[in-house]
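Q: I have a model open and want to talk through some of its packing. Can we go piece by piece?

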Amino acid sequence: MMRGPDLTGELLKAVSRSFYLTIYWLPPAMRPGVALGYMLARATDSVADTSGADSARREAVLRAMGRAIAGEADEQEISELKSQLAGEMADAQSNEAESTLLKRFGDCLSALASFPEEQRACIRKVLRTIIEGQLWDLTYFRERNSVENDEQTLEYTYRVAGCVGEFWTELGYVAMGERFCSLARRDDMLAAGVRYGRGLQLINILRDREEDLARGRSYLVSGADVGRWLNRADYYMNDGIDYCRRLRGFRLRFAGMLPALIGKKTIALLRRARHGVGKVKIPRRAVYACMFKALWLSMIGRAS
């Protein structure tokens, strides 16, 4: 599986050091699929965030990437796309690792083609949803600067992060079966995975809200009760912890647990920050405390 280019080593580490550590702890059966899914999502996100190109141009390239990942593009389309990514889009990146990733998008497609059919379907499904969210983000704020209701907020958090929790669950069952979690709990785990992903994205929205407002966009309705959204994010983090404790195996539990515990620390800091929003930074000692707690919870687990 996934012969050829090493997409789970130095390039992944350069693009995201923290996620690289999560990948390291995953069981070997899940590691390649999660890593490739992340790399593809990071590549599309790099295009979506390329400020040096206008939004219409980014939209066109994102749609082409979506067709290529879905296996719907012909050889000429893929060749043109790789040239665009390796040229104008890579050149516009301020992060060298992201520039390299775009230049190696063809390697990612080759790796995807080497996966077993069921795992490939999982990766394509989550990328389709993520790209839908990225396209919505690009197009919606051309004429508006705020979402209109809470449903739009929740739909956005699903498309860019809730679907990732769903993906981890589906891929886990495909790659590991009962070794991932009890099959009888599959529906409950899928729903909890969605809530967990949504919660992590809500934390990002709350933490970055002032910066987003300065850019002329808000993912919460005008005058939103920030405290209510913090409560919801905290509830989702509790869901995430419970989700991870039900996974079968120490490595699985630890790989999934740490983001939820750090998320809860971030929520606590945001509650103390001005208006419940603003840039907050988790102290290193707090991160270590989260790691030790994740180790402890991962060792004791719970009945699944």
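Q: What does T266 touch, leaving aside its neighbours within four places in sequence?
A: T266 is in contact with I203, V280 and I282, once neighbours within four places in sequence are left aside. Contact means heavy atoms within 4.5 Å. This is a predicted model, where local features need pLDDT of at least 70 and side-chain atom pairs count only at pLDDT 80 or more, while totals for chains, interfaces and linings use all residues. Residues are numbered from 1 along each chain as its sequence is written, and side-chain values use heavy atoms, with hydrogens and water left out.

Q: Where does T266 lie, and is T266 buried or exposed?
A: T266 lies in helix α13, residues 250-272. T266 counts as buried because its relative accessibility is 9%. Buried means under 20% relative accessible area, exposed means over 50%, and partly exposed is in between, with a 1.4 Å probe and protein chains only. Helices are DSSP runs of H or I with at least four residues, strands are runs of E with at least two, and both are numbered from the N terminus.

Q: And L270, buried or exposed?
A: L270 also lies in helix α13. L270 is buried, with a relative accessible area of 0%. The C-alpha atoms of L270 and V226 are separated by 9.7 Å, and the two residues are 44 apart along the chain.

Q: Switching to D234. Which residues does D234 touch, not counting those up to four places away in sequence?
A: D234 touches K264, I267 and R271 on that count. D234 lies in helix α12. D234 and L200 are 9.4 Å apart in space, C-alpha to C-alpha, and 34 residues apart in sequence.

Q: How do α10 and α12 pack, in angle and axis distance?
A: Helix α10 (residues 186-207) and helix α12 (residues 226-245) pack at about 140°, with their axes 8 Å apart. Axes are lines fitted to C-alpha atoms, for helices over the stretch in contact, and angles run from 0 to 180 degrees between N-to-C directions. The two helices are therefore oblique to each other. Angles under 35 degrees count as roughly parallel, over 145 as roughly antiparallel, 65 to 115 as roughly perpendicular, and the rest as oblique.

Q: Which residues of α10 and α12 meet?
A: On the α10 side they include M189, Y196, L200 and I203, and on the α12 side they include W229, L230, Y236 and Y243. By class, this contact of α10 with α12 has 16 nonpolar, three polar and four charged residues. Ala, Val, Leu, Ile, Met, Phe, Trp, Tyr, Cys and Pro count as nonpolar, Asp, Glu, Lys and Arg as charged, and the others, Gly among them, as polar.

Q: Now α4. What angle does α4 make with α5?
A: Helix α4 (residues 55-69) and helix α5 (residues 75-91) pack at about 135°, with axes 10 Å apart. That makes α4 oblique to α5. The residues of this contact divide into eight nonpolar, one polar and five charged.

Q: And what angle with α8?
A: α4 and α8 pack at about 170°, their axes 10 Å apart. That makes α4 roughly antiparallel to α8. The residues of the contact of α4 with α8 divide into seven nonpolar, four polar and four charged.

Q: Which residues of the largest nonpolar core touch the most other members?
A: Of its 98 residues, M65, L85, F105, F180 and Y243 do. Helix α9 (residues 150-176) gives the most to this core, with twelve residues. A nonpolar core is a set of buried Ala, Val, Leu, Ile, Met, Phe, Trp, Tyr and Cys residues joined through side-chain atoms within 4.5 Å.

Q: What is F105 in contact with, beyond four places in sequence?
A: F105 is in contact with L40, A43, M65, A68, I69, L81 and L85, leaving aside neighbours within four places. F105 is among the buried residues of helix α7 (residues 105-113). The buried residues of α7 pack against α3 (31-48), α4, α5, α6 (96-103) and α8 (117-140).
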